[in-house]
Amino acid sequence: MKQLFQRNHLRRSLAAGLLLATSGIALSLHAQDDYPTAVRHLIDQGIAISESYPAPGGMTGYVGEMQGSPVAFYLTPDQEHVILGPMLTATGENLTEQKIQTLVMGPKNEKAWSQLENSHWLRDGDASAPTVVYTFTDPNCPFCHRFSDAARPWIEAGQVQLRHVLVGILKPDSLSKAATILGADNPQRALRINQDDYDSGGIRIDEAAAGRQRDKIEHNNLLMRNLGLHATPTTYYRDASGQVQMQQGMPRPADLPRVMGSTSP
């Protein structure tokens, strides 16, 4: 719901402020805040600017984030107006999407990948599998359950190792279940038990095992929040060009080969 509210809020902002006029230009004396007044209005509304660049038509393009979502806008040559949203060519090519990926989402996802490597994850699959996929998993999440099932052919074929970053956010017992899995004598087997018994409630909580690993699950919860994520599963993978991509929610069947790095075995 929070993510939906944020998106709707941004859409309303774009609709209400597609063309924002200002009365003049006021440059800050500080280099970091050296923006025209029209741009500063958006900064005051919560947009964090990542980069600027020369754009067609004598405009200056800006990309950044607002409440975790990428944002793009353009400053007109007179520096008195900003236009929010994508820029399209006469043939319909989206010039903004590539800039957002290159300047905002690409660096952000690469940083997230490094953080995921150092998080408390649990591997499903062969350690030598060439394709690594990270996914935030709550033991009580039905879509995490479906995603694990959907990934099974690639895992069993030795093509993918699915690294579950276990979190406990959905239900009161989610954290204890996640900690029970991670604290089990055989965590991979415990993960599989939760998967196989999901329809009957999943794994039974072992307080001793949970106590040993509760702090690691809380660390994963914090990582998820710090990455601005609000739904499980959220999955990170490298595309065919090696760029880190992020997928929130259960991937559609048509998207699975892209996430898994190959067609179904």
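In the hairpin formed by β2 and β3 of this predicted model, five residues lie between the two strands, and Gly 57 takes a positive phi near 75°. The strands on either side, β2 (residues 48-54) and β3, run antiparallel and are joined by six bridges. Pro 54 has Thr 60 of β3 as its bridge partner.

Strand β3 also takes part in a second hairpin, this time with β4. Here two residues lie between the strands, and Gln 67 takes a positive phi near 50°. The pairing of β3 with β4 (residues 69-75) is again antiparallel and comprises seven bridges. Met 66 stands opposite Ser 69 in β4. Strand β3 is thus paired with β2 and with β4, and the strand is mostly covered, with five of its seven residues buried.

Glu 65 forms a salt bridge with Lys 108, the closest N and O atoms being 2.6 Å apart. This pair links distant parts of the chain, since Glu 65 belongs to strand β3 (residues 60-66) and Lys 108 to helix α3 (residues 95-117), 43 residues apart. Glu 65 is partly exposed, with a relative accessible area of 21%. Lys 108 is likewise partly exposed, at 25%.

Because Glu 110 lies in helix α3 and Arg 238 in strand β9 (residues 234-238), the pair ties together parts that are 128 residues apart in sequence. Glu 110 has a relative accessible area of 31% and is partly exposed; Arg 238, at 32%, is partly exposed as well.

A third pair sits in another setting. The side chains of Asp 124 and Arg 152 meet in a salt bridge of 2.7 Å, N to O. Asp 124 is in strand β6 (residues 121-124) and Arg 152 in helix α4 (residues 142-156), so that this bridge also links distant parts of the chain, 28 residues apart. Both Asp 124 and Arg 152 are buried. The structure holds eight salt bridges, and a network of them links Arg 252, Asp 255 and Arg 258.

In soluble globular proteins, nonpolar side chains tend to be buried together. The largest nonpolar core of this model has 14 residues, and those with the most contacts inside it include Trp 113, Leu 116, Tyr 134, Phe 136, Leu 227, Leu 229 and Tyr 236. At least two residues of this core come from each of α3, β7 (131-137) and α7. Leu 116 illustrates the packing: beyond its neighbours within four places in sequence, Leu 116 is in contact with Trp 121, Tyr 134, Phe 136, Val 165, Leu 223 and Tyr 236.

In α6 (residues 187-196), the residues Pro 187, Ala 190, Leu 191, Asn 194 and Gln 195 are buried. They lie on the same side of α6, because they cover an arc of only 145° around the axis. The spacing follows from helix geometry: an α-helix has 3.6 residues a turn, so residues three or four places apart point the same way. The face of α6 turned away from the buried side carries the exposed residues Arg 189 and Asp 196. Among the elements that cover the buried residues of α6 are β6, α4, β8 (160-166) and α5 (174-183). Two of these, β6 and α4, are the elements that hold Asp 124 and Arg 152.

Leaving aside neighbours within four places in sequence, Gln 213 is in contact with Ala 179, Leu 182 and Gly 183.

The mean pLDDT is 87, and 88% of the residues reach 70 or more. Over residues 1-32, however, pLDDT stays under 50, and the model has 43 contacts beyond four places in sequence for this stretch.

Methods. Residues numbered from 1 in each chain as written. Predicted model: local features only at pLDDT ≥ 70, side-chain atom pairs only at ≥ 80, totals over all residues. Heavy atoms only, no water. Contact = heavy atoms within 4.5 Å. Salt bridge = Lys/Arg side-chain N within 4 Å of Asp/Glu carboxyl O. Helix = DSSP H or I, 4+ residues; strand = E, 2+ residues; numbered from the N terminus. Buried < 20%, exposed > 50% of the residue type's maximum accessible area, 1.4 Å probe, protein only. Arc of directions from axis to C-beta. pLDDT = per-residue confidence, 0-100. Core = buried A, V, L, I, M, F, W, Y, C linked by side-chain atoms within 4.5 Å. Pairing = 2+ DSSP bridges.
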